[in-house]
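This briefing goes through a two-chain model by topic, from overall architecture to single residues. Please keep the sequence and the coordinates in view while reading.

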Amino acid sequence: MYFDSLSSLWHMDGHGIYVWVSYGVTALLLAAMVRLPISRFHRHWEWVKSEQLRRVSAEPTGAVDGQKD
Amino acid sequence: MGSPPWFFRFSGRLVRWLLPLTVALLLVGAFWGLLVAPPDFRQGNSYRIIYIHVPAAVVALAGYYVMALAGAVSLIWRIKMADVTMRAAAPVGAVLTAIALVTGAVWGKPTWGTWWVWDARITSMLLLFFLYLGVVALFEAYENKTAAARACAVLSLIGTVNIPIIYKSVDWWYSLHQPASIKFTGESAIDSSMLYPLLLMIGAFYCLFALTVLLNMRAELLWRHRDSAWVQQLIGDA
């Protein structure tokens, strides 16, 4: 470990602000880059699933109706 | 490779081990670069930005080749999976180029005394960012997705001219940007204590690129084939 305390790690001899801002922005952008396709996938999955359920519930139930008479 | 159902199943298995591998490599590489590696004798601790700046730039450039190659395959052989690959790689490349530009600007302030200069390397990287954005925008602009893929492929292929310019810009023009520290031939201008975490982070960014492109491709395939029997069965069985 190069740094001997949390404070020296944070300040990095005056360069801490540049280093931590760079890493922070990168972490946010990378997290969004991975998160977006995962959410898109789930959105598409749920859409197809709801369409399947809608089709099943809209199917005619003629045989059952016929037995009523 | 050309069969969407096969690719969907294969990529699902690949993603499952690529995700933990990428996270582990990123965490170890960042820990090593930030906390263990020694400071640079000239730049001090600000040089630690190298561990995200260089991997992002290297993979953004390599990603462009992936996109352009997919564009060429799509244009010549009209393979739909190539369209999907091209579309999946464009936003990932745009984010990585944006990271390279932002971290470069932040690193430039303590090193050069300025956030930005219209230097050959930096300007050609900015052009790369616009090329990626152009491909993303073109795909969205066309109603007909076949025409969109064709236009994007042409733009990608024209943009490949920019890649050797980015690589060689620091040698061809007088530039504030330092020349490459890692060399394939000859000795690298970086000590091994700094080089190993850098190589690890480059590996991590390559894995991250592969992972995100695969995730984008899976989302796109699911939507394009939503009415097909294999998607209906896959979701029905789940």
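The model is predicted, and it scores ipTM 0.91 and pTM 0.92.

**Confidence**

- The mean pLDDT of chain B is 92, with 95% of its residues reaching 70 or more, while chain A averages 88, with 87% of its residues at 70 or above.
- Within chain A, the lowest mean pLDDT among the elements, 50, belongs to helix 3 (residues 62–67), whereas helix 2 (residues 16–58) has the highest, 96.
- Where pLDDT is low, the predicted coordinates should not be read in detail.

**Architecture of the chains**

- Chain A contains three helices and zero strands, and of its 69 residues 14% are buried.
- Chain B contains eight helices and, likewise, zero strands. Its radius of gyration is 20 Å, close to the 18 Å that the globule rule gives for 238 residues, so chain B is as compact as a globular protein of that length.
- Along its principal axes, the C-alpha trace of chain B spans about 60 × 35 × 30 Å, and 40% of the 238 residues of this chain count as buried.

**Contact between the chains**

- The contact draws 34 residues from chain B and 27 residues from chain A.
- On the side of chain B that touches chain A, at least two residues each are supplied by helix 1 (4–36), helix 3 (80–112), helix 7 (192–224) and helix 8 (229–237) of chain B, and helix 3 of chain B provides the largest share, 10 residues.
- Sorted by class, this side of chain B comprises 22 nonpolar, eight polar and four charged residues.

**The largest nonpolar core**

- The largest nonpolar core has 70 residues, of which B:A56, B:M67, B:M86 and B:A89 touch the most other members.
- Two or more residues of this core come from each of helix 2 of chain A and, in chain B, helix 1, helix 2 (50–77), helix 3, helix 4 (120–141), helix 5 (145–159) and helix 7; helix 7 of chain B gives the most, with 18 residues.
- B:A56 is placed in helix 2 of chain B and counts as buried because it has 28 C-beta neighbours inside 10 Å, where 20 or more are required.
- Leaving aside neighbours within four places in sequence, B:A56 is in contact with B:L96, B:I99, B:A100, B:T103 and B:F205.
- B:A56 and B:F130 are 74 residues apart in sequence, and their C-alpha atoms are 16 Å apart in space.
- With residues up to four places away in sequence not counted, B:A89 touches B:G63, B:V66, B:M67, B:A70 and B:V213.

- Helix 2 of chain B has 28 residues and reaches 40 Å from its first C-alpha to its last, close to the 40 Å expected at 1.5 Å a residue.
- Most residues other than glycine have a negative phi, and most peptide bonds are trans.
- Just after helix 2 of chain B, B:R78 takes a positive phi of about 55°, although B:R78 is not a glycine. B:R78 lies in the loop between helix 2 and helix 3 of chain B, and it counts as exposed because it has 12 C-beta neighbours inside 10 Å.
- In chain A, the phi of A:M12 is near 50°, a positive value in a residue other than glycine. A:M12 lies in the loop between helix 1 (6–11) and helix 2 of chain A, and its 20 C-beta neighbours inside 10 Å mean that A:M12 counts as buried.

**The last helix of chain B**

- B:G236 lies in helix 8 of chain B and, with 11 C-beta neighbours inside 10 Å, counts as exposed.
- B:G236 and B:P4 are 232 residues apart in sequence, and 18 Å apart in space from C-alpha to C-alpha.

Terms used
Residues numbered from 1 in each chain as written. Chains lettered and ligands numbered in written order. Predicted model: local features only at pLDDT ≥ 70, side-chain atom pairs only at ≥ 80, totals over all residues. Contact = placed C-beta atoms within 7 Å. Helix = DSSP H or I, 4+ residues; strand = E, 2+ residues; numbered from the N terminus. Nonpolar A, V, L, I, M, F, W, Y, C, P; charged D, E, K, R; others polar. pLDDT = per-residue confidence, 0-100. Core = buried A, V, L, I, M, F, W, Y, C linked by C-beta atoms within 7 Å. Expected span 1.5 Å × (residues − 1). Rg over C-alpha atoms; globule rule 2.2 N^0.38 Å.
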